[in-house]
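Thanks for passing this one along.

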Amino acid sequence: MNTTCKMAVDYYGKELQINQAFEKMGGLLVTISQWRRGRSSKADVMSGIADVIIMCDQLCYIVDGTEEGVNICSDIIDQKLKRQEKRLEEYIECANTQKS
């Protein structure tokens, strides 16, 4: 876990950082919507994504109560990506079989 994330939660408090996470997530939704209409830049979207990722790390720490929370979330992400990869491989194989 990034030490700065832990420091932010410890300094500002859980409730404030949870609210901050909500704000950053909402801001990202608005930025993506604006980007789709040509009213926001790719850099704005990337910055919003970075903000949300940082806040998600803090949420993992808050929910688990330990610095290990981020590692737990990371492991779950890996599992979900592997499951998705397997599904995609099966879908592609099935689609290729139907084309033949």
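1. A word on terms before the cysteines: a disulfide here is a pair of cysteine sulfur atoms within 2.5 Å. The sulfur of C5 lies 9.8 Å from the closest cysteine sulfur, that of C60, which is too far for a bond. C5 is also buried, at 6% relative accessible area, where buried stands for under 20%, exposed for over 50% and partly exposed for what falls in between (1.4 Å probe, protein chains only).

2. Please keep in mind that this is a predicted model, in which local features need pLDDT of at least 70 and side-chain atom pairs count only at pLDDT 80 or more, while totals for chains, interfaces and linings use all residues. Residues are numbered from 1 along each chain as its sequence is written, and side-chain values use heavy atoms, with hydrogens and water left out.

3. How many disulfides does the structure hold? There is one, formed by C60 and C73 with their sulfur atoms 2.4 Å apart. The angle about the S-S bond is -110 degrees, and the link is left-handed. The bond ties distant parts of the chain together: C60 sits in helix 3 and C73 in helix 4 (residues 68-99), 13 residues apart. Helices (H or I, at least four residues) and strands (E, at least two) are DSSP runs, numbered from the N terminus.

4. The two partners have their own surroundings. C60 is buried, with a relative accessible area of 12%, whereas C73 is partly exposed at 27%. C56, for its part, is in no disulfide, and the nearest cysteine sulfur, that of C60, is 6.8 Å away. C56 is partly exposed, with 32% relative accessible area.

5. Now to the helices. Helix 2 (residues 14-36) and helix 3 (residues 42-64) have axes that come within 9 Å and cross at roughly 155 degrees. Helix 2 is therefore roughly antiparallel to helix 3; angles under 35 degrees count as roughly parallel, over 145 as roughly antiparallel, 65 to 115 as roughly perpendicular and the rest as oblique. Axes are lines fitted to C-alpha atoms, for helices over the stretch in contact, and angles run from 0 to 180 degrees between N-to-C directions.

6. Which residues build this contact of helix 2 with helix 3? Among them are I18, A21, M25, L28 and W35 in helix 2, and V45, I49, V52, M55 and L59 in helix 3. The contact residues divide into 13 nonpolar, five polar and five charged. Contact means heavy atoms within 4.5 Å. For the classes, Ala, Val, Leu, Ile, Met, Phe, Trp, Tyr, Cys and Pro count as nonpolar, Asp, Glu, Lys and Arg as charged, and the others, Gly among them, as polar.

7. Two residues of helix 2 are worth a look. T31, in helix 2, is buried at 14% relative accessible area. Leaving aside neighbours within four places in sequence, T31 is in contact with S40, D44 and V45. E15, also found in helix 2, counts as exposed at 58% relative accessibility. E15 and I62 are 47 residues apart in sequence and 9.3 Å apart in space, C-alpha to C-alpha.

8. Lastly, helix 1 (residues 3-12) packs against helix 2 at an angle of about 120 degrees, with the axes 6 Å apart, which makes helix 1 oblique to helix 2. A8, V9 and Y12 of helix 1 meet K14, L16 and Q17 of helix 2. These residues divide into four nonpolar, one polar and one charged.
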